[in-house]
Every structure is written in structure tokens, then in C-alpha cells.
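I record what I looked up, entry by entry.

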Amino acid sequence: MKFFIDTANLAQIKEAQQLGILDGVTTNPSLMAKEGITGKNNILKHYVAICNIVEGDVSAEVIATDYEGMIREGEELADLHEQIVVKVPMIKEGIKAIKYFSDKGIKTNCTLVFSVGQALLAAKAGATYVSPFIGRLDDISTDGLNLINEIREVYDNYGYETEILAASVRHTMHIIECAKIGSDVMTGPLSAIIGLLNHPLTDIGLAKFLADHKKGND
Ligand code: G3P
């Protein structure tokens, strides 16, 4: 399973990259605003800065919601850097835009996906990635992981090449369950990725190894 980090924070992206396990980055307008990145030029420069830190795909979201606007913004984003993936919302105009980008060989990430039907449309339009938001479904008492399961089944039925990018991942168990289901990618916060490291028996075992080594070498 590919690991993407879901942030626009350069320090966190560098930390994940230095771990050696990072496959890409996803951002969205809220994450950019959280880092205080505003204004078109600053936003575009920030995407390039992210691309210069990581080796994999970097999702950059369009703001327009009309077809022409999405095409204009998406082409500008794609021209920024070869690692840019154009993130397009799951709306009717978005599906048309994804088809356009797909025909032109521009990678896309269909975002704000909350149902299997939406994921099916994204695949048929030729999206590179589909982003079901599992945490936000959990927030409204609906099983987000079940959606990943259902999309996996439908995509496998027909051999769709669209990659399932589990998004709105909040914690370690989301990552582990996504891996068990066979999600192609997960994107989550650094805390969830780092959290996978933790086990008390590892800490206890290491402390004992080091103490025994010290005793033997005193
Ligand atoms: O990748 C989508 C993600 O940014 C949404 O996460 O935690 O805001 O639901 P969250």
C-alpha cells in the first residue's frame, strides 16, 4: 500500500520523507489555509516546494466548480511540475473535467467521494485516484472502511485501474484496516503514520537489551 501524507506542512512532509516510506502528498484548500498559504502565486509556489521535497505524486486541488474553470486551473497546476496530480471534486462538471484530463494524459484525483456510485463514475471517467473520505463517514456514524471494501469489490469486478486512495484517515487502525482490505493508497496525518511505530513491548525489550549490554560491558 502506498503511503501519502495529508498535509501542506513542509516540516511534516520532510519528516515523513526522511523516514524513507513516503510515496506522495495530498493537500486540499483547508490544509493550505491551515498553513497560512494564501493568494494564487503563493499557493502555486507552495505546490512546487512540496514537489521538491518528495519523489511521488502531489495532489493539488482546483477551486473552480465550472468545467471551463476546472480545465483552466487544472492545466495550470499540471504545468507546474510533473509530479502534480489535479484534484477535482466529485460533481457533474468534475466528472467531465476528469474525462478531459484523462484523455490528455493528466493525472487526476477525484475527491470528496462518499459512495460506491460516485467511485464507479470516477473510474469510468478515467480518474487516476479516487478519494473516499473514511473519517468523515465515521463522523456521521457510517462505516468508512466498509466503503473502501465495497469500492475494492466493484473495481476488482471490472479491472478498473483507478487507484483507491483512502482519505480522511485519522489514526493507525484506519491505516491497518485499509491495508487488510487492499486499498491501493492511504493518505493520513504524520501522527497516524508515526503511530504505527509504537508498541510497549518494543520499548521494554529495547530497554532490557541496552541494560543487559551495559551490565556486560561495565
Ligand atoms: O484527504 C482528505 C482529508 O484531507 C480530509 O481529512 O480529516 O479533514 O476529514 P479530514
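I first noted that a polar contact is a pair of N or O atoms within 3.5 Å; within protein, one must be able to donate a hydrogen and the other to accept it, and residues adjacent in sequence count only if both atoms are side-chain atoms. By that rule I looked up Ser-168, which has a polar side-chain atom 2.7 Å from an oxygen atom of the ligand.

On the source, I recorded that this is a predicted model, in which local features need pLDDT of at least 70, side-chain atom pairs count only at pLDDT 80 or more, and totals for chains, interfaces and linings use all residues. Residues are numbered from 1 along each chain as its sequence is written, and side-chain values use heavy atoms, leaving out hydrogens and water.

I then looked up two further side chains. An N or O atom in the side chain of Arg-136 is 2.7 Å from an oxygen atom of the ligand, and for Asn-28 I read 2.9 Å from a side-chain N or O atom to a ligand oxygen atom.

Which residues are around the ligand? I listed Asp-6, Asn-28, Phe-133, Arg-136, Ala-167, Ser-168, Arg-170 and Thr-187, where near means that a heavy atom lies within 4 Å.

Next I turned to the cysteines. I found zero disulfides in the structure, a disulfide being a pair of cysteine sulfur atoms within 2.5 Å.
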